[in-house]
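Here is a short briefing for a modelling reader. Please look over the sequence and the structure before going on.

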Amino acid sequence: MNTPLHLLKRPRRNRKSESIRALIQENFIQASNLIMPFFITEGKQVRSPISSLPNQFHLSVDELLIEVESILISGIGTVILFPLITSHYKDSLGSYAINPKSFFYKAVYTLKKAFPQLTIITDIALDPYTSHGHDGVISDSGCVLNDETVQILTEMACLQAEAGADIVAPSDMMDGRVKAIREALDKNRFEYVSIMSYTAKYASAFYKPFRSALQSAPTFGNKKSYQMNPANSREALIEAKLDEEEGADFLMIKPASIYLDIIQKIRSNSNLPVVAYHVSGEYAMIKAAAQRGWLDFEHTLFETLLSIKRAGADAIISYGAKELATWLKSSTAPLDEEPTDRQTSQ
Ligand code: PBG
């Protein structure tokens, strides 16, 4: 008797036990692939909650040290740091960005000294420092100038490297910045400081909680003349090719979970490590729903980050990195635990 064809092939055979499912699992999230962002502020004993990003804080350096100790214990080895620049330090050129006495450079130095094994990424962009909130120097007619901005970025890169950054991450989508930063770093004997280029950074509505956290929203216009059009994907490959040629060590895509096609495209067109930035708005959506009991925070974040890995990212920046790493440590096989409808811890 002939078995009907649809019953000869039973894909469920490969899902029949925990052991078989584990045997053939293709993608994983490990704490060591996660990067935790932190917002640094001037002062001492400051740990103030950020209202647009629940469970995230503005931290002074002493508090940062405490946080970093705990993320290292959770298995995360890499952080990315952003400065909260108060308005009295801001001006139209973003001059405080290249002030060697900046509290931010001191914080990087202190952190590296305390934890030499930690990988420190610093963001290179002028927007936290400019009074107008744009990422570059503005011309009289209101254009964001490219080459003038790149010059300042090279100085920022060297100050960050000198303070102890292992990886610098230019995030403003100016043209030619990777090459200029590479040359400046090399000239100043920072040959081993890496560049993680924000390769495909889209002009996204999902950055809003971050901009509220840093008080860095543009005061006029938008960022569409430098960040990419969310409608485009081939353009990401042009950016990726240039970044690779200019000497980038990592290519970054952001946002992440709504740009999985871009991650996959860049992954298949480059052999460089690919990093995805699960940005503030992507985190805030999950957090807000979890706070209402509509979603389970860890399970939803885990599945989201897994999709980013499946698309081809090697490493992921996420505001939920610490919570997820802690959860992964406490739970042996997250995929085998069905999400429950219990209220989340938040
Ligand atoms: C600065 C910068 C931004 C983010 C990272 N670096 C904001 C922006 O471009 O306006 C956004 C990160 C996030 O939303 O989590 N250029």
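Which salt bridge do the side chains of glutamate 323 and lysine 287 form, and at what N to O distance? The two side chains meet at 2.6 Å, N to O. A salt bridge here is a side-chain nitrogen of Lys or Arg within 4 Å of a carboxyl oxygen of Asp or Glu. Glutamate 323 lies in helix α12 (residues 321–330) and lysine 287 in helix α10 (residues 280–291), so the pair ties together parts that are 36 residues apart in sequence.

This is a predicted model: local features need pLDDT of at least 70, side-chain atom pairs count only at pLDDT 80 or more, and totals for chains, interfaces and linings use all residues. Residues are numbered from 1 along each chain as its sequence is written, and side-chain values use heavy atoms, with hydrogens and water left out.

**Salt bridges**

- Searching the whole structure gives 13 salt bridges.
- Both glutamate 323 and lysine 287 are buried (buried means under 20% relative accessible area, exposed over 50%, partly exposed in between, with a 1.4 Å probe and protein chains only).
- Arg47, Glu67 and Lys322 belong to one network, joined by salt bridges that share partners.
- Aspartate 127 pairs with lysine 223 through their side chains, at 3.0 Å, N to O.
- That pair links distant parts of the chain, 96 residues apart. Aspartate 127 sits in the loop between β5 (119–124) and β6 (137–138), and lysine 223 in the loop between α7 and α8. Helices (H or I, at least four residues) and strands (E, at least two) are DSSP runs, numbered from the N terminus.
- Both aspartate 127 and lysine 223 are buried.
- Glutamate 245 and lysine 241 also form a salt bridge between side chains, at 3.4 Å, N to O.
- These two residues are separated by about one helical turn, because they are 4 residues apart in helix α8.
- Glutamate 245 is exposed, at 56% relative accessible area. Lysine 241 is exposed too, at 55%.
- Side chains of opposite charge can pair when their charged atoms come close.

**Ligand surroundings**

- There are 19 residues around the ligand, and Lys201, Arg211, Lys254, Ser280 and Tyr319 come nearest. A residue counts as near if one of its heavy atoms lies within 4 Å of the molecule or strand in question.
- Arginine 211 places a polar side-chain atom 2.6 Å from an oxygen atom of the ligand.
- For lysine 223, a polar side-chain atom lies 2.7 Å from a ligand oxygen atom.
- For glutamine 227, the corresponding distance to an oxygen atom of the ligand is 2.9 Å, again from a polar side-chain atom.

**Nonpolar cores**

- The largest nonpolar core has 104 residues, and Phe38, Leu81 and Leu185 touch the most other members. Such a core is a set of buried Ala, Val, Leu, Ile, Met, Phe, Trp, Tyr and Cys residues joined through side-chain atoms within 4.5 Å.
- Helix α5 (residues 147–163) gives the most to this core, with 8 residues.
- A second, separate core has 5 residues, including Val144, Val150, Ala180 and Tyr226.
- Leucine 81 touches, among others, Phe38, Ile40, Leu64 and Phe104, not counting residues up to four places away in sequence. Contact means heavy atoms within 4.5 Å.

**Cysteines**

- The whole structure has 0 disulfides (a disulfide is a pair of cysteine sulfur atoms within 2.5 Å).
- Cysteine 143 is partly exposed, at 43% relative accessible area.
- Cysteine 158 is buried, at 12%.

**Backbone and loops**

- Most residues other than glycine have a negative phi, and most peptide bonds are trans.
- The peptide bond from lysine 254 to proline 255 is cis, with omega near -10°. Proline 255 is in the loop between β10 (250–254) and α9 (260–269).
- Methionine 173 is not a glycine, yet has a positive phi of about 65°. This residue sits in the loop between β8 (167–170) and α6 (177–187), and is buried at 4% relative accessible area.
- Glutamine 215 has a positive phi near 50°, and is placed in the loop between α7 and α8.
- Serine 216 is in the loop between α7 (208–214) and α8 (234–246). Serine 216 is buried, at 1% relative accessible area.
- The contacts of serine 216 include Lys90, Asp127 and Arg211, leaving out residues up to four places away in sequence.

How values were computed:
Polar contact = N/O pair within 3.5 Å; in protein donor to acceptor, adjacent residues only side chain to side chain.
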